Amino acid sequence: MSTTHIQPLPNVRGRMSYTELGEGKKRTENIREKTNRIAAQMGDMGTREDFIRFCSAMRRQSQGTRLNEGYELRVSWSPEELSKDSPEDIQRACEYGYLLCKEVAPNAPCWVTVHTDGEGGCVHVHATIANHDLVSGTAIAHGTDHATVKRKNDRLSREMGFTVVGPEPAREPTTWAERKGQFGIESFERVLGNRVADARDHASNMEEFREELKVRGVELTETRKVDKETGEETVGWSYKSRDPYGKGRRKRRRRASNLADDLTREGIEAYFEAKQRELEAPEQDAPAPEVLPDVPETAEPAAQPSADSALDVYDLDRAYVSEMASDLQKAHIHRSREEGKPFMDERYQQIVEARNHPDEQLAKLREDVDAARREFHASKEARDTLQSPCPGLLAGMHVFAKAGCNARDPVSRMMADMTAMMLHMMIQEALAEERRRQREEAERRVYESRKSMWDAEKRLKAAEKALSDEDERERRLKSERMQRRVKEAERRAPVRTPRSADKDTQFDE
């Protein structure tokens, strides 16, 4: 947990000199040996001297209307939460102090200094905020009282994974799909949350989830606490991973509850329980298979001509399902990001299910292929049968023609013969039209039975192209970011010049 204190600074230079060199013998020793007591520092100006001059100049421009050049915000953590011997904890405290300054005064420049040489051995920061709002051009109007600072510190502590004195406010359960949009694209929280969510989606149980985290470079830490009064034990999760966009690509840590509720221990367990219930659902809940029409028995598939035996030689393999599901998953995520939509929709869940359980999907695909084979052979036989006239109708027309020959007079026989010929022609045309229609329908079913194979190849090519474009874009953006950071680091390289100033003695610092 952290404690805060804020005080006005009529003279920023004196306070900044104290935070850099100390006081008394320590100050004299630092000046003599050209050292300082700064464990880490960061700010909005190029150097500490630039920041001091800015605060002094803003007060002089106010022509006596401002009593203070700035405010100092002190934040201290217990040794159990941040260790003075850990460089990662020291950098974390520095970043936290800077973020808290932006919560208190978003438009005012600030400078953060971290100390680890206090009497209590606690990591603490001295964050100096200039008394000048860059947007309005006036002094800081509000937000510098202790109650407001404490409230903002508690809220930021929860977001950054620090403990807070007092109960946490109740809130609605959150999902990573909802929370990820609140973090920047290059923020550590978004990178870490995406890795954890991806590991969860590619696992079917808790053991696989832990293995998937290791593959993605994420360390899972469990913290167990026991309530002394009730004896109830609670388990909290935190994730630790390397920040690809941070300084030196160092490892950072975040509590699972600060990312999203569905990435906590309870959320992950509930996810796997729901997936297991779906797998154990009764078979009667599944959609009824399509009933194929009864067709007469035909020759064996091997007797079919070679030109029509493509479905007979095509065989499915388990690797096809896993590879295709992986490609479809990446392509779906890429397309959803381009459209600005959450990718964890119903289609994504189906793809993940197919990738996690390729055997089940392979069995379904084989059933579809077998059904396509049966439909293909049935449609081909029906098409071949329609090549010859229907014998039942021809026999009926022959009987009608024979009856016309029994007419008593020549005119009656002539009329009967003409009627029979006309009926014969009409029936032949109707049969030809029906054969043509059924033959086209049979050919359409044959082509549709092969559609899944063609579509799979098209989707694979599209997925490969999308992945190639995404990799090229990420390499280009990373190169541009690195160039900007190198230029910014060269421009903001600190040049320290020890200077003397007034003493400002503080208790327990």
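This is a predicted model: local features need pLDDT of at least 70, side-chain atom pairs count only at pLDDT 80 or more; totals for chains, interfaces and linings use all residues.
Local features need pLDDT of at least 70 and side-chain atom pairs count only at pLDDT 80 or more, while totals for chains, interfaces and linings use all residues; side-chain values use heavy atoms, leaving out hydrogens and water.

**Stop one: two helices.** Select residues 87-104, helix α4, and residues 146-160, helix α5. (Helices are DSSP runs of H or I, at least four residues, and strands are runs of E, at least two, numbered from the N terminus.) The two helices pack at about 135°, with axes 10 Å apart. (Axes are lines fitted to C-alpha atoms over the stretch in contact, and angles run from 0 to 180 degrees between N-to-C directions.)

Now show the side chains where they meet.

**Stop two: the largest nonpolar core.** Such a core is a set of buried Ala, Val, Leu, Ile, Met, Phe, Trp, Tyr and Cys residues joined through side-chain atoms within 4.5 Å, where buried means under 20% relative accessible area with a 1.4 Å probe, protein chains only. This one has 28 residues, and Leu73, Trp77 and Ile129 are among those touching the most other members. Which helix gives the largest share? Colour α4: seven residues of this core come from there.

Next, click Leu73. Not counting residues up to four places away in sequence, its partners include His5, Leu100 and Val149.

**Last stop: another core.** Select Leu192, Val196, Leu213 and Ala260, which belong to a second, separate core of 22 residues.

Key: Residues are numbered from 1 along each chain as its sequence is written. Buried means under 20% relative accessible area, exposed over 50%, partly exposed in between (1.4 Å probe, protein chains only). Contact means heavy atoms within 4.5 Å.
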